Amino acid sequence: MNKVEHIGIAVNSVKLAGEIYAKLLNTPVYKTETVESEHVLTAFLRSGPK
């Protein structure tokens, strides 16, 4: 494996988890997206080279 594409973590509150992970990773949530087919709200944070 050359790189990790993404990691998914199920949480009860995307807003609260986003705030916590933003502090831990020192990067903001840059996008949220609803995936209707899965009935989930996702949040995206960048880490590592872009």
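Where does Thr27 lie? Thr27 sits in the loop between α1 and β1 (29-35); helices (H or I, at least four residues) and strands (E, at least two) are DSSP runs numbered from the N terminus. This is a predicted model, in which local features need pLDDT of at least 70 and side-chain atom pairs count only at pLDDT 80 or more, while totals for chains, interfaces and linings use all residues. Residues are numbered from 1 along each chain as its sequence is written, and side-chain values use heavy atoms, with hydrogens and water left out.

**Thr27**
- Thr27 counts as buried because its relative accessibility is 14% (buried is under 20% relative accessible area, exposed over 50%, partly exposed in between; 1.4 Å probe, protein chains only).
- Neighbours within four places in sequence aside, Thr27 is in contact with Ala22, Leu45 and Arg46 (contact: heavy atoms within 4.5 Å).

**Helix α1**
- α1 has twelve residues and reaches 15 Å from first C-alpha to last, close to the 16 Å expected at 1.5 Å a residue (1.5 Å times one less than the number of residues).
- Ala17, Gly18 and Ala22 are the buried residues of α1.
- Seen down the axis of α1, these buried residues fall within an arc of 135 degrees, so they line one face of the helix (the arc is that of the directions from the helix axis to the C-beta atoms).
- Lys23 and Leu24, on the other side of α1, are exposed.
- The cover over the buried residues of α1 includes β1 and β2.
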